[in-house]
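Please read the following report alongside the sequence and the coordinates.

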Amino acid sequence: MNRASVASCLFLLFGGAVLNADDSQFQFGPDSKRQLRVPQGKVAMHTFNESKVFDGTIRRYWVYIPSQYDGSQPAAVMVFQDGHAYINEKAEFRTAIVFDNLIHKGDMPITVGIFIDPGHKSDKLPGNKPGWRPRPSNRSVEYDTLSADYATFLIDEILPTVAKQHKLKLTNDPGMRAIGGISSGGICAWTVAWERPGAFRKVLSHVGSFTNIRGGHVYPALIRKTDKKPIRAFLQGGENDLDNAHGNWWLANLQMDKALAYSKYDYKFVGGKGGHNGKHGGAILPESLRWLWRDWNSK
């Protein structure tokens, strides 16, 4: 199996029930559930097939606009890779519900969420039936490659498109822009901030693939030997994560933990007993976002 095939298989894990014996310990708290008298944001799905960075691709993406947004001030922005996994209110993250609750409480700013799937090399989307699981052919190229390409795609193509589509004022302040993802989407989130800290400075990684799919195993060494960048990062990992030819995901995340500590980054690492899924990350998503945005209203 080649690299792209392995990465594609990892992507499919998040559409199904990939459980470990102790995943039942991860339970949703109140901030991951609908609450009375909490305004609900609106979610709209779109298709994008006009990328020049990833020419010839088509993808879905969802835009979440909080109820509190009135256009008087630029909104904060948070982008999620593998957007379908994060926007599904019946899946592991329930991100729109968490956003509604935390924005209502003032624990995070008024934030526009952009939930974007990887590109598919085709003129048609890969599946559109009930229960569909996307099989995007360009996922590994976009997410696992250590370059500024994906950051450029977001900054030059997606953010302007979303702002124009919904007539939104989106912040240009990198400290008010966050990016997150799971597995290869997690290392992708780190790469965006690493390559373009002048555009994104907050990172959320769930079971991030800091392994040798396309060279991502070098990040701990790069972090230690490169001048500290203005990035705040929240990493989650599990002891029962993957162990294959690309590396050991748990050990890779431990190496990231130690490298970030050595270089005195503003970061938090939360480890657990979980596997390569979003059970743990979803259960602690409210805590993760509170930590990432903890000083937003001091700006």
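## Burial and packing in a predicted model

In helix H6, the buried residues are Ser-184, Gly-185, Gly-186, Ile-187, Cys-188, Ala-189, Trp-190, Thr-191, Val-192, Ala-193 and Trp-194, where buried means under 20% relative accessible area, exposed over 50% and partly exposed in between, with a 1.4 Å probe and protein chains only. H6 is thus mostly covered, with 11 of its 12 residues buried. At 1.5 Å a residue, the 12 residues of H6 (residues 184–195) should span 16 Å, which agrees with end C-alpha atoms 16 Å apart; the expected span is 1.5 Å times one less than the number of residues.

This is a predicted model, in which local features need pLDDT of at least 70 and side-chain atom pairs count only at pLDDT 80 or more, while totals for chains, interfaces and linings use all residues. Residues are numbered from 1 along each chain as its sequence is written, and side-chain values use heavy atoms, with hydrogens and water left out.

The protein chain comprises 10 helices and 11 strands, which are DSSP runs (helices H or I, at least four residues; strands E, at least two) numbered from the N terminus. Of its 299 residues, 55% count as buried.

Helix H3 (residues 95–105) packs against helix H10 (residues 285–292) at an angle of about 50°, with their axes 10 Å apart; axes are lines fitted to C-alpha atoms, for helices over the stretch in contact, and angles run from 0 to 180 degrees between N-to-C directions. H3 and H10 are therefore oblique to each other, since angles under 35 degrees count as roughly parallel, over 145 as roughly antiparallel, 65 to 115 as roughly perpendicular and the rest as oblique. Thr-95, Val-98, Phe-99, Leu-102 and Lys-105 of H3 meet Leu-285, Pro-286, Leu-289 and Arg-290 of H10 in this contact, defined by heavy atoms within 4.5 Å.

His-280, found in helix H9 (residues 279–283), touches Phe-26, Gln-236, Gly-237, Val-270, Gly-271 and Gly-272, not counting residues up to four places away in sequence. The C-alpha atoms of His-280 and Phe-28 are separated by 9.5 Å, although these residues are 252 residues apart along the chain.

Most residues other than glycine have a negative phi.

| Residue | Phi | Relative accessibility |
|---|---|---|
| Arg-37 | about 65° | 74%, exposed |
| Ser-183 | near 60° | 0%, buried |

Arg-37 is placed in the loop between helix H1 (3–13) and strand E1 (42–48), whereas Ser-183 lies in the loop between strand E6 (177–182) and H6.
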